[in-house]
Amino acid sequence: MSGQDTTKRLVVGILAHVDAGKTTLSEGLLYLSGRIRKLGRVDHGDAFLDTFALEKERGITIFSKQAILDLGGSRFTLLDTPGHVDFSAEMERTLGVLDAAILVISGADGVQSHTLTLWKLLERYHIPVFLFINKMDQPGTDPVALLTELKNRLSGNCTDFTGACAGAADDAAEAFRESVAVCDETLLESYLETGEVADEDIVRLIREREVFPCFFGSALHMTGVREFLDCLDRFTRQRSYPQTFGARVFKVSRDQQGNRLTWMKITGGTLGVKEMLSGMDGEEAWEEKADQLRLYSGAKFEPASRLEPGEVAAVTGLTHTRPGEGLGFEPDAPLPALEPVLNYQILLPAECDVHRMLRNLKELQEEDPLLHIVWDERLGEIHAMLMGEVQTEVLRSLIWERFHVAVDFGPGNIVYKETIAAPVIGVGHFEPLRHYAEVHLLLEPGEPGSGLTFFTACSEDVLDRNWQRLILTHLMEREHPGVLTGSSITDMQITLINGRAHIKHTEGGDFRQATYRAVRNGLKKARSVLLEPVYEFRLELPGTQLGRAMTDIQKMGGSFSPPQMEEDRAILVGSAPVAGMRDYPRQVLSYTGGQGRLACTLKGYEPCRDAQEVVTAIGYDSERDPDNPTGSVFCAHGAGFIVPWDEVENYMHLTDDGSVAPGEPEEDESFAAGEARAAAPVQNRAGLSQ
């Protein structure tokens, strides 16, 4: 940190399953830190962090927000995140900037399915976790039983920190030290010798996710909240930040005056007001001034002249930033694990200007990139990808509030994806007159859930490093449609294995065309596999209805573990296709008379069980998609001509073993190709063949 400032700065997120009491705990922490003078309540509509009218109306958190807690020499930036599964993407965007997380669990409900999803995400982002088990004032809650459940379902290193609180009884303090020591072999040896466990050792274990502190209380009645806040401060440390400037953008929003706000955490150096920031928007470099630095707490903010490492602020004046972007030395965030599985048509009023509305919706997409606002030219329709029906209601309200247009939504369709079954090499060639580029890509199946990964195995003697980087950029800059249904491809590794540029006539756009065509060429050759989204579910219902539930799930193509019985109730845990489960919650409420409870979270994508029916119903024709051609463009006698995908190998200028292709046109037939051959002899590439 700069100067003599010794303030400890940490960014702490608060996460929970909906209705666990997350916002109530946030109120308690704000009250104890002196940020607010009166405890607000969700059901009263006066919670400090539920600043939007829709949040007050529904009693849920929809947008992530921040508040600053000053505790002596510590400053915590508390990021409150949505708990409803439909707004999980908003929650996940905050994880990349957290130093620690508070996971709130309802003592009355225990570990629910969305709690497990949150736990996996926190593990993925390697975030230290403090657990607050809330609502312990309700009948039937048992700390011992709950701690056992946490150990069994989350981690065996979930540890009761009651003994760490000030004024704890000697036997409780001793039990606490022992329970922490057994989590680390070296620390256990030290503890057995001295009988002590130092705070710094506990801090290290928490930071390394070897210990997960657990606290029990009631946020509504402020029971255990003071002790929790004291321990949060005691067992956290600010990490070391470099002197070089870096920042991570995690959110884009707009204030009531329409100013664009870029929310970022400073991860190195400092940022002063009016300083210039730069980045990349696709291939275009941008440089803009940070007009204002705003430190928000709830709906209000204080202007800052300079931001220190570890601080989170909203910056005005930036028009090109996007969530997940890294600035300075900071790399971009990984692609989110949670994504929408339903595609909705947005129905506009008859008098609405479609193109103006499309621009407005693109503004919303800046704030939530996973909306994937798409204009379907063929159907003349606007589509958006959403998590579920609650999100459609919120988006409807947001569009009315922001743009004063009353929209509706068509029935949601399943978002499918595609992958391939075996490796294949795709070739793309783009050679209209005075242009030239050829790209060879190796497409290989990846592990389920791995998404798309990109590599290069092409020698720089064959293709200059800058061209190779450009090809990788083109691979990463967009979603590539599959050839079965036009759905995005996933779970593949794509490797650049060969390519050719012209010494004078190659431009960046030439490699974009060649790269896209190479992907499509490979997909046309491959055996494509249609994937459908699958839910993990936990169904609790009266035991008398268990047979009905098991039959339903089997009919929809799902599977489940042996049912568990708890007195007169049954618990069924398993997975099933989203297509079958999406309307099932209503059915459960109906046939159980409101006594059933179904919780679903996205498990991932698996091969579609009705693939041929889905492909036929969608009716996508890869040869009639003008935006995604499968063929390549070659040149002869000074004119370009299109070669279909299944004939490209007869015309391509490089072979997959690195030699010049025998079918390559003569120099007098192809000016560009002839000069390209003379410019760069082809090198052999061992071990890469179809």
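Which ring does the charged end of Arg209 sit over? In this predicted model, the ring belongs to Trp119, and the charged end of Arg209 lies 5.8 Å from its centre. A second contact of this kind involves a lysine: the charged end of Lys251 is placed over the ring of Trp263, at 5.1 Å from the ring centre.

The structure holds 14 aromatic pairs. One of them joins Phe161 and Phe235, whose ring centres are 5.6 Å apart; their planes meet at 90°, so the pair is edge-to-face. If you trace the chain between these two residues, you will find that the pair links distant parts of it, 74 residues apart. Phe161 belongs to the loop between β6 (158-160) and α6 (170-181), while Phe235 belongs to the loop between α9 (225-234) and β8 (246-254).

Another pair to look at is Tyr584 with Tyr591, which is tilted: the planes stand at 50° to each other, and the centres are 6.2 Å apart. Tyr584 is buried, with a relative accessible area of 1%. For Tyr591 the value is 13%, so this residue is buried as well.

Finally, come back to Phe161 and Phe235 and widen the view. Both belong to one aromatic cluster, together with Phe132, Phe176, Phe215 and Phe228.

Definitions and conventions. Residues numbered from 1 in each chain as written. Predicted model: local features only at pLDDT ≥ 70, side-chain atom pairs only at ≥ 80, totals over all residues. Heavy atoms only, no water. Phe/Tyr/Trp six-rings, centres within 6.5 Å; stacked < 30°, edge-to-face > 60°. Helix = DSSP H or I, 4+ residues; strand = E, 2+ residues; numbered from the N terminus. Buried < 20%, exposed > 50% of the residue type's maximum accessible area, 1.4 Å probe, protein only. Lys NZ or Arg CZ within 6 Å of the ring centre and 35° of its normal.
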